[in-house]
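This report describes selected side-chain contacts, salt bridges and ring pairs. Please consult the sequence and the coordinates alongside the text.

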2 protein chains.
Amino acid sequence: MANLDQIEDQPMEQAPLPIRDEEGHLHPDFIAAVEAAIEAEDQAALRELAGDLHEADTGDLIETLTADERPKFVRLLGDLFDYTALTETDEAVRVQLLDDLPNEVIAEGLGDLDSDDAVYILEDLDEEDQAEILGGLPYADRAQLQKALDYPEESAGRRMQTEFIAVAPFWTVGQTIDYMREAQDLPDSFYEIYVVDSSFHLLGAVALDRILRTRRDEKMTSVMTETRQAVLATEDQEEVARRFERYNLVSSAVVDENDRLVGILTVDDIVDVIQEEAEEDLRALAGVGDEEISDSVLTIAKSRLLWLVVNLGTAVLASSVISLFEGTISAMVALAVLMPIVASMGGNAGTQTMTVAVRGIATQELSARNMFRVLRREVLVSFFNGAALAVLIGLTAWGWFQNAGLGIVIAGAIIVNMLFAGLSGLLIPIALDRMKVDPAIASSVFVTTVTDVVGFFAFLGIAALWFNLPF
Amino acid sequence: MANLDQIEDQPMEQAPLPIRDEEGHLHPDFIAAVEAAIEAEDQAALRELAGDLHEADTGDLIETLTADERPKFVRLLGDLFDYTALTETDEAVRVQLLDDLPNEVIAEGLGDLDSDDAVYILEDLDEEDQAEILGGLPYADRAQLQKALDYPEESAGRRMQTEFIAVAPFWTVGQTIDYMREAQDLPDSFYEIYVVDSSFHLLGAVALDRILRTRRDEKMTSVMTETRQAVLATEDQEEVARRFERYNLVSSAVVDENDRLVGILTVDDIVDVIQEEAEEDLRALAGVGDEEISDSVLTIAKSRLLWLVVNLGTAVLASSVISLFEGTISAMVALAVLMPIVASMGGNAGTQTMTVAVRGIATQELSARNMFRVLRREVLVSFFNGAALAVLIGLTAWGWFQNAGLGIVIAGAIIVNMLFAGLSGLLIPIALDRMKVDPAIASSVFVTTVTDVVGFFAFLGIAALWFNLPF
């Protein structure tokens with residue numbers, strides 16, 4: 001059997017296989033060894049290879065395995081499988097794997113997790129499976145998870161962890177330290193301790209380094225910082241991410257509508273949100289949804305088709321502008337050759353401005369206050385670049401068709417279209433944002449429509465006038 | 001004086017002005033009050049308004065002020081101005097403001113900062129100013145900052161903070177706590193304590209929560225985790241960011257080439273890098289460099305023009321394909337009307353695939369291992385969507401020009417171009433990455449060239465054959 005030979009070639013006992021290659025991908029030899037162990041149902045070998053991995057490595061490994069191998073992998077690892085790894089895989093992979101595992105097994109696995117990880121795994125399942133898995137958990141865990149699942153999707157309440165340490169205002173630093181030395185059920189890791197009154201209203205937070213540098217007999221209230229910034233459980237995760245980023249937070253208390261402490265958010269959850277947010281804009285501008293590399297052909301085809309059909313509308317509109325000038329083109333077919341240049345340069349320039357505007361709006365760097373300054377700048381940039389390109393393109397057209405007039409016509413059309421590109425690239429995202437439409441999703445259709453329509457119209461129109469051609 | 005009237009209208013003493021509006025922008029009333037205080041040189045009012053802000057709010061405020069107001073703002077705030085705020089502004093704003101301040105004043109301000117913030121502010125200045133400012137600092141600070149500045153740009157050594165706590169391996173938890181209670185010059189905030197041997201080789205790290213839950217007489221070595229993941233000072237910040245993200249790190253030790261502890265990185269520095277990395281891809285795909293909303297017209301125009309000129313090459317190439325078919329277009333001018341549709345649909349589909357591929361490469365989700373699976377999927381997606389669009393566009397063309405043949409021709413061209421779009425959208429980024437060229441920067445020029453050239457060639461070529469037209 002080829003797979004086993006391969007393993008015997010490696011001096012496995014002496015030096016453990018490297019998990020990742022220099023580029024940071026999982027190492028092919030490591031994957032091969034894992035797959036061989038799964039195929040041979042060699043539990044001991046698999047537990048040796050993958051029983052002690054970081055959850056992120058396990059997550060990547062699961063994504064790399066085939067759909068058939070994944071449940072076998074979890075089954076063979078048994079109690080060494082850390083379900084946190086499922087928070088590190090694509091949604092499609094996670095849902096498929098969970099479908100293949102019995103709900104009792106999942107319930108047992110989720111019991112050990114922090115609540116935020118358990119919720120993250122549960123939230124993509126259908127309600128029936130959710131209920132069955134929750135039913136298999138101890139009452140206290142179940143109630144906590146159910147409460148988190150009741151918060152809206154993508155809210156702070158969904159992302160928060162309900163394990164935290166809160167002490168009474170009259171406690172001293174020494175009492176707090178003693179409590180932590182003795183308590184059995186502390187969270188896995190934490191960065192702050194919270195001070196709450198008897199009805200769990202949040203009074204303040206104390207960073208751990210603060211506790212360590214303070215004398216034992218100081219009151220917790222005297223070292224706590226009042227949290228101006230407590231997050232509401234119903235708040236949208238993007239809002240929260242922006243605040244973490246702006247104020248360099250590492251963790252934050254989450255309170256309910258009565259200002260009672262219900263959970264905490266830590267920066268590692270937020271890092272994913274920040275990354276997603278920037279990536280969402282990129283995908284939205286290119287017309288791809290939140291598809292993942294493991295999604296099926298049909299899912300992807302459908303989500304992309306919608307965007308293509310919308311763009312078809314744009315293209316047909318541009319074509320109908322051209323059709324106004326059929327007579328002009330018949331009389332001078334060189335116009336048909338050159339017209340895509342005008343539209344394409346406008347499209348590129350418009351996309352440049354639009355990209356900057358969309359990110360400026362998302363990061364709040366572009367606001368009503370500096371809008372006019374930015375608008376003035378975009379007009380000047382469009383004018384400079386339009387003039388430079390007009391000279392370049394005008395000379396090219398002149399040389400190509402040995403027709404100076406054609407050079408002048410295309411130069412004029414370029415200047416006009418570049419101005420419209422700059423204006424629409426800035427004003428369309430701003431207008432959409434004012435109308436509460438996400439500018440990342442809708443801008444590029446409108447901007448391309450403007451630059452195509454104006455490009456063809458300006459070029460063919462100026463040509464018809466200049467050369468006195470029929471329409 | 002209008003400005004003062006405006007302030008008197010506000011019941012300032014009773015309730016402090018809100019700093020931000022509901023959308024998270026700085027509040028216009030707050031900005032107006034600050035500007036009035038600057039204009040009136042009312043130091044007391046300004047210190048009251050802005051002396052106690054978070055550095056992030058001060059940074060945003062500085063960006064909002066005019067170039068003239070900024071140095072006055074810093075001067076009036078005096079010792080209440082926290083230079084950390086400069087790490088929260090755009091580079092252009094920071095450099096301009098630092099140019100307007102005397103170097104002695106800057107040196108005094110930087111003396112209070114953590115080393116990572118001081119380096120961040122210094123690194124954009126020219127060498128002469130750097131040397132003068134460093135000369136105004138105490139010897140120890142100067143040596144530390146100089147060492148950090150000697151590391152390459154965008155390396156871990158540049159981003160790290162040299163303030164950290166390291167203890168000897170024989171120390172107990174109790175000794176460590178006592179040391180922290182008494183030491184005067186601890187870092188502002190920290191999450192881990194490091195264990196080093198007598199020559200400062202890194203042995204391990206102890207998270208603060210671990211210290212708090214351990215008995216005083218335990219040895220630090222018995223609670224430390226060996227750091228598999230120490231960052232090399234020369235390592236690129238993007239590599240480091242990927243590791244923080246993958247392993248959910250909050251802080252990490254930084255070591256030199258001899259494995260000696262030289263600094264630490266915390267997640268708040270890394271969050272900015274993660275954000276920049278995702279945003280860089282977005283900008284690169286749209287052909288805008290790392291321009292900032294406060295850059296000058298000329299800087300921006302120049303950086304965007306390069307991209308536009310490169311794209312002009314693409315457009316001219318596409319036009320020369322059209323010029324091969326001048327005879328064909330003369331004979332049937334409807335082809336000129338419809339041809340942009342074929343090129344544009346291909347361009348959109350290619351951009352979709354390319355965007356997914358570029359991000360897949362950046363996040364390492366797309367690798368040699370799943371390349372063929374993804375390729376197969378892209379071909380199928382292109383075929384499905386190509387077929388759907390071919391029907392839609394074919395019927396449109398037929399109805400529009402009352403010519404069934406024209407519908408068949410454009411449908412065929414769409415199917416061909418969609419296949420090329422899918423293939424080039426995936427294979428071009430992968431090929432560029434193999435050749436060590438950043439796929440985000442170069443892909444879109446090549447992909448658009450393919451979809452334009454193939455689009456025009458397929459449509460006009462098929463038409464010439466089908467209708468038996470001249471070339």
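## Setting of B:N417

In which helix of chain B does B:N417 lie? B:N417 belongs to helix 21 (residues 404-434) of chain B; helices here are DSSP runs of H or I with at least four residues, numbered from the N terminus. At 1% relative accessibility, B:N417 is classed as buried, a term for residues under 20% relative accessible area, with exposed meaning over 50% and partly exposed in between (1.4 Å probe, protein chains only). When residues up to four places away in sequence are not counted, B:N417 touches B:V342, B:A343, B:G346, B:V450, B:T451, B:V454 and B:G455, where contact means heavy atoms within 4.5 Å.

## Basis of the values

The model is predicted: local features need pLDDT of at least 70, side-chain atom pairs count only at pLDDT 80 or more, and totals for chains, interfaces and linings use all residues. Residues are numbered from 1 along each chain as its sequence is written, chains are lettered from A and ligands numbered from 1 in the order in which they are written, and side-chain values use heavy atoms, with hydrogens and water left out.

An α-helix has 3.6 residues a turn, so residues three or four places apart point the same way.

## Salt bridges

Side chains of opposite charge can pair when their charged atoms come close. With a salt bridge defined as a side-chain nitrogen of Lys or Arg within 4 Å of a carboxyl oxygen of Asp or Glu, the count over all chains is 41. One of them pairs A:D60 with B:R246, with the closest N and O atoms 4.0 Å apart. A:D60 lies in helix 4 of chain A and B:R246 in helix 15 (residues 237-246) of chain B, so this pair joins two chains. A:D60 is partly exposed at 22% relative accessibility, whereas B:R246 is buried at 16%.

A further salt bridge is formed by the side chains of A:D124 and A:R94, at 2.9 Å from N to O. This pair links distant parts of the chain, 30 residues apart: A:D124 is in the loop between helix 8 and helix 9 (127-135) of chain A, and A:R94 is in helix 6 of chain A. A:D124 is partly exposed, with a relative accessible area of 27%; for A:R94, which is buried, the value is 3%. Salt bridges with shared partners also join A:R20, A:D57, A:D60 and B:R246 into one network.

## Aromatic pairs

Over all chains, the structure holds eleven aromatic pairs. Rings of Phe, Tyr and Trp (its six-membered ring) pair if their centres lie within 6.5 Å; planes under 30 degrees apart count as stacked, over 60 as edge-to-face and the rest as tilted. Among these pairs is the edge-to-face one of B:F73 and B:F81, at 6.3 Å centre to centre and 85 degrees between the planes; both residues are buried.

B:F325 and B:F457 are also edge-to-face, at 5.7 Å centre to centre and 75 degrees between the planes. B:F325 is buried at 2% relative accessibility, while B:F457 is partly exposed at 46%.
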